[in-house]
Amino acid sequence: MKLLKCFARDLKNTAGFLPENLMSLKKIFVESDTWQGVAFILALALILGTVSNLGLIKRFIAGEFNQAFISKDQFPGLVFISLEEAGDLWFTQKAVFIDSRSGYEYRRGHIPGAISIPLEEAKEKKGELLAIIPREPSLVLYCEGGDCLSSLNLARILHESGFGNLRIFSGGWKEWTAAGLPVAKESEE
Amino acid sequence: MSLKSKPILIVFRLIVGGVFIWAAVTKIADPLSFAQDVKNYRLVGQTLSFLTAIFLPWLELIAGVSLIIGVFPRSSALVISGLLVFFIVLITVTMIRGIDVNCGCFGTFSRKADFLLILEDSIWLLMSLILLFSRENDFCLLKRKS
């Protein structure tokens, strides 16, 4: 114990953590300079942040980023669709469905005919997995639903790889099953 | 080596300030991607993620520049320390919740929010705290009281 105390004292001395070398927390907080500086930094950040992003702020207020932070100019052809639209596309077979959830979740149940492309695997084995996705007709990507983001992030990867006509079914698996629409398990296919 | 050792303090200021400037510039270049990174943590909604992406990078940039050039160095060290404590808590909570997410700390150069990142942030925090509590004020355009 004594040895530890001696070691701690030596360490403090070596590092210069001596009371006379340091300002006390109380003094730092009491100093008006400290708070003036903090106010200055915050105010400047607020002003520059607003001025430099005025265009984006206007677009946000107009509702462009209500569903995702995706710029229409950067990601043309990427749209969000509702359950009704997803159902129509599935029944008329006008789109290929892509399941971005994990392989385990896919095996437990998925939209019939959907291709499993887990987001994590798409990042690691991009070329290999993307080769199995047909380029036509349009693609509908879905994940669990609610606040899941893997379908959106997979859509970004697909877009960067040259895929157009991407649709994100944001209601996802939860909304699909809640509506009583057809489901499949891996063993049935 | 004592805290009165000026070269060490200058090096700390350059390192911490530089890291914050670099982190800020990568985010300012693409605010929408950063907003999505913030949203990926699943702690705040669309509006707060957007506001964070608009203002946080500028806060980092101004704090980093202030620290290096010595305008309100103690205040900038305080802001930076506060942000780092927040980041460490955020990453820890995210790991406990089992959310696999990109940290979003350096724009497209970001990596996974994991234990190594906590360690990295802790090193910056230690340097920043030393600057916060130190009496030295080299490079200060506005001299502070000691």
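**View 1. The exposed side of helix α5(B).** On one side of α5(B) sit B:F115, B:L116 and B:L119, and these residues are exposed. Keep in mind that the whole model is predicted.

**View 2. The buried residues of helix α5(B).** Turn to the other side of α5(B) from those exposed residues, and here is the list of buried ones: B:D121, B:W124, B:L125, B:M127, B:S128, B:L131 and B:L132. Looking down the axis of α5(B), you'd find its buried residues within an arc of 165°, so they line one face of the helix.

**View 3. Helix α5(B) from end to end.** This helix of chain B runs over residues 115–133, which makes 19 residues.

**View 4. Where chain A touches chain B.** Chain A puts 28 residues into the contact, and chain B puts in 31 residues. On chain A's side, the elements giving two or more residues are α3 (32–52) and α4 (54–61). The largest share of that side comes from α3(A), with eleven residues. Sorted by class, the side of chain A that touches chain B has 17 nonpolar, eight polar and three charged residues.

**View 5. Chain A as a whole.** Here you can pick out ten helices and five strands. Chain A has 189 residues, and 26% of them count as buried. Among the contacts in chain A with a separation of 6 or more, 65% come from residues 24 or more positions apart.

Terms used. Residues numbered from 1 in each chain as written. Chains lettered and ligands numbered in written order. Predicted model: local features only at pLDDT ≥ 70, side-chain atom pairs only at ≥ 80, totals over all residues. Contact = placed C-beta atoms within 7 Å. Helix = DSSP H or I, 4+ residues; strand = E, 2+ residues; numbered from the N terminus. Nonpolar A, V, L, I, M, F, W, Y, C, P; charged D, E, K, R; others polar. Buried ≥ 20, exposed ≤ 12 C-beta atoms within 10 Å, placed from the backbone. Expected span 1.5 Å × (residues − 1). Arc of directions from axis to C-beta.
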